[in-house]
Amino acid sequence: MPIKSINGCIGCEECIKSCPTDVLRLNPDSKKAEILYPEDCQICHLCRMYCPVDAIVITPDKSIPVIVSWG
Amino acid sequence: MKTQNYIIKLSVLIFSFLIVPLLLYFTGNFQRRSTLMETLSITTILGFSLLLSQFFTSRLNIGLVKKIRMVNVLAIHRFIGYFFIAVILLHPFFIIVPKFFDNGVSPSDAFVKLITTFSTTGIILGIIGYTLMLLLMVTAYFRFKMHLNYKTWRRLHGYSALLFVIAATWHVIDMGRHSNTLFSTYYVLMVVIGVFYLLKTYVTNTGKHENKT
Amino acid sequence: MKTKHRKISRRKFITLTGGAAGFAAMGGFAMQVDWALNNPEINAETLENNRITTDVLVVGSGMAGLFAAVKAHDAGAQVLMVSKGRLGSSGQTPFAKGIFAYDKDNEALSIDEFVAKVSRSALGTNNKAYTRQLAEHSLARVNELREWGFFESSLYNKSFSKPIEERNIPVHERVTITHLVKEDDRIIGVAGFSIDEQKVLFYEAKSVILCTGAGGFKPNGFPICDLTHDGTVMAYNIGAKVTGKEWNDGHPAKSENPAACYDGWGDMFEQKPSTTRIEIRHDLGVDMNYMAYINGGAAQMGPPGRGNQSNGVSGGPYRPEEFTSQGGPGGHSQDGEEIQGPPPGDSDRKRPLRKEGKVAPPGMGGSVVGGSTAGMSIHKAEGLVPINDKCESTIPGLYAAGDALGSYMAGGIYTQIGSSLSGSAVQGAIAGETAANYSKTVKSKNISTKKLKSIEEDILAPLKREAGYSPAWVTQTLQSIMIPNFVLYIKKENLMKAALAYVEELRDHHVPHLRASNLHELRLAHETKNMVISAEMKLRASLMRTESRCSHFRLDYPEVDNENWQAWINIFKGEDGSMTLEKQPFNTWASTTKSSEIEANS
């Protein structure tokens, strides 16, 4: 997974708002951010950088094989 | 014989409130961060587990009091109290420490965001817990200046500790970066035992030791 | 202004999906189409619609959108900004760290000399008026940014919010705009939907500024997966001319974890922005694709950015002699420039690794693969065709700025380092002021109920389909048609025709069947639709341009053809609705009349 986990979320929604590709949403029950559409993560780390409490873990791999020009 | 016994008693305390959380920490599948942040995390976790140990380094632990005398128990209680409450008082600031090392959100903005996100139960409980903890610390420090009789003060201390522990534990389980199932179970277990002793002592209080200090 | 999230209750969700699952099971007996069934989480019939009115509507909240909104407001118009993402945190703006500022006191080149040098590197493809404008206005914009605190943080939301909040300009974030509305030959508004609230939104505006950025095919390795040419395609759909589709941004990525754009750029995304001075280059990018093509993949490529000679590869894209000493994209990377390729395999230029005592991110280093920006043209080269140097499009009331405007500020090649970000600022400001003045001359017009209805139908169609193709699948199929090296980069007529046949198939038989089960997927469905149109544009323009120039390279026409191709290619919807292309000579302004009309008149 590109965006892997959120630990210690305070529910401020900064990551949700700053994700360009709408990967994160607020869980209506826990009121915390959850990774809802990880397949659309572009691994740009904006969510992690905007997070005030350093809660987001991102790995460089993608959950689906990626298409490149040559390989 | 007597020496051995209190060593065992103290060892049990050390094991329960130092070794166990450390074991849970190092065996848990947590994202490891920088050495500084790992140190701060461990300090905070131990700070909290040792605050939970306060139930057992007090008069409630009749067994221990009998073995090493109340003054010594109180010394331990007081040391852990002041020292680790200070750690826990600082922990909201530990959380934003990484913001000092990057060019993104400023530490002050991060901190304001942290303490003003009132949409989550965890933050509200945290703020309540923090206030109660301050109250506990201040009333403990100034207990002789408050001109309360000892029994009243002790009840105030005990019950506000009870409220604090419930709010804080709930906050920790809800928000904690390292609150996995094992950690949560451990906290709940310790709190339940502690609260049980507290209520047992207070509710069925025979007043045996009340006039000693 | 605060957005609310996910109104659907858990129970409702379970009921809906449970019902749909039952239906899916039933359908499965007959023809095994359960993979295609749409299991809507929301009821498209109950979506509300809202109408919002303003003078100037700014679509997009990157660098161009910021200045468009601020300057339109300062010119006395009522302004509203609407963005698919968040102010300063969507599109390419958050990742651009170098901003060009021309300071006449500190530069050896005069503005005339600067324009001449850019034109030389761009082989005539640049629009001199916009190149000059960049130099003239960049310092003023940079100074304003400095005042707002732009240079104090690696994250731009706070500094961008400052002037917007000071002026009380409303910002609607997380709203996907899908349609431009034109009546009586001028723009009267836009339509779209919120991804958080179940709402279709209609914005009625006297003028609209598209600051929607460029786009790609959601390629892996470059942070442009939210950019899908939305502005260009929406404008094309209402009859605007667009340009620049044959040019290619040719950034590579690392072969391991190529999608990890953050890791590919070292710690650049974490840097505070800084200014750049005159440094004119001829960054091809496509030369690396050519090398890989000739040598058989990355294995024998040798260090990229070292020119062709050292790799024993002859031929390939032409580079003007005075620019040969420079490397390929990224090869030269110094700190502080804007989006340029990661320095692949070039150890002495490697950026420092991330701090906090972390070791190198796993898998970085090693060889290089291409196509990390696939589908994106050169900054400022693709987009709406301007009819003057005021960012005005061929449709009255419709303006564009930044990467959404085909201003050819830099030409069909990347020339001045840091110019993309400052160019967006400069053009945004000009578009904002012009649009504000225009809005004073026209009356606002309501979108007719009939139009409202048909647009709403169109927006919600993917939600209402009982079965269809998932946007993710169509996107992946499009990627596998367009991204391979031998289609978009090393171009040949027969392969582009083959790819075009595939793209037409997607356009005619897949796009009409795109499904969406929630608002996230609805956004993906509309993005996919736009990417397919852009793919068609890219192929048709590349087929038409029978020469090689700058970042456009044809294996079957490898030479620069100055006799026939001192011209840009404009694309527009012909009278029968089909995609039509025309030539527009360099250094001329586009006319608002279509070539068919010109022919008819002559």
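Q: How many helices and how many strands does the secondary structure of chain A come to?

A: The model is a predicted one. In chain A, the secondary structure comes to two helices and four strands. Their order along the sequence is β-α-β-β-α-β.

Q: What does the C-alpha trace of chain A span along its principal axes, and what percentage of its residues is buried?

A: The C-alpha trace of chain A spans about 45 × 20 × 20 Å along the principal axes. A residue counts as buried if 20 or more other C-beta atoms lie within 10 Å of its own. Buried residues make up 66% of the 71 residues in chain A.

Q: How many helices and strands does chain B have?

A: Chain B has seven helices and zero strands, and its pattern along the sequence reads α-α-α-α-α-α-α. Its radius of gyration is 18 Å, close to the 17 Å that the globule rule gives for 213 residues, so chain B is as compact as a globular protein of that length. The C-alpha trace of chain B spans about 60 × 40 × 25 Å along its principal axes.

Q: What percentage of chain B counts as buried, and what percentage of its contacts with a separation of 6 or more joins residues 24 or more positions apart?

A: Of the 213 residues of chain B, 29% count as buried. Among the contacts in chain B with a separation of 6 or more, 71% come from residues 24 or more positions apart.

Q: At what angle do helices H6 and H7 of chain B pack?

A: Angles over 145 degrees count as roughly antiparallel. Helix H6 (residues 150-175) of chain B and helix H7 (residues 181-203) of chain B pack at an angle of about 170 degrees, and their axes are 11 Å apart. H6(B) is therefore roughly antiparallel to H7(B). The crossing of these two helices is left-handed.

Q: Which residues make the contact between H6(B) and H7(B)?

A: From H6(B) come Gly158(B), Leu162(B), Val165(B), Thr169(B), Val172(B) and Ile173(B). H7(B) contributes Ser184(B), Tyr187(B), Val191(B), Gly194(B), Val195(B), Leu198(B) and Tyr202(B). By class, the contact of H6(B) with H7(B) has nine nonpolar, four polar and no charged residues.

Q: Where is Ile193(B) found, and how does it count, with 14 C-beta neighbours inside 10 Å?

A: Ile193(B) is found in helix H7 of chain B. Because it has 14 C-beta neighbours inside 10 Å, Ile193(B) counts as partly exposed. Ile193(B) and Ile95(B) are 98 residues apart in sequence, and their C-alpha atoms are 29 Å apart in space.

Q: How many residues of chain A are in contact with chain B?

A: Two residues are in contact if their C-beta atoms lie within 7 Å. Here, 16 residues of chain A are in contact with 17 residues of chain B. The side of chain A that touches chain B has eight nonpolar, four polar and four charged residues.

Q: Which elements of chain C give two or more residues to the side that touches chain A?

A: In that interface, 49 residues of chain C are in contact with 27 residues of chain A. The elements giving two or more residues on the chain C side are helix H7 (261-264), helix H8 (286-295), helix H11 (471-482) and helix H14 (519-544) of chain C. The side of chain C that touches chain A divides into 23 nonpolar, 18 polar and eight charged residues.

How values were computed: Residues numbered from 1 in each chain as written. Chains lettered and ligands numbered in written order. Predicted model: local features only at pLDDT ≥ 70, side-chain atom pairs only at ≥ 80, totals over all residues. Nonpolar A, V, L, I, M, F, W, Y, C, P; charged D, E, K, R; others polar. Axes fitted to C-alpha atoms, helices over the stretch in contact; angles between N-to-C directions. Parallel < 35°, antiparallel > 145°, perpendicular 65-115°, else oblique. Left-handed = near helix turned anticlockwise from the far one by under 90°. Rg over C-alpha atoms; globule rule 2.2 N^0.38 Å. Buried ≥ 20, exposed ≤ 12 C-beta atoms within 10 Å, placed from the backbone.
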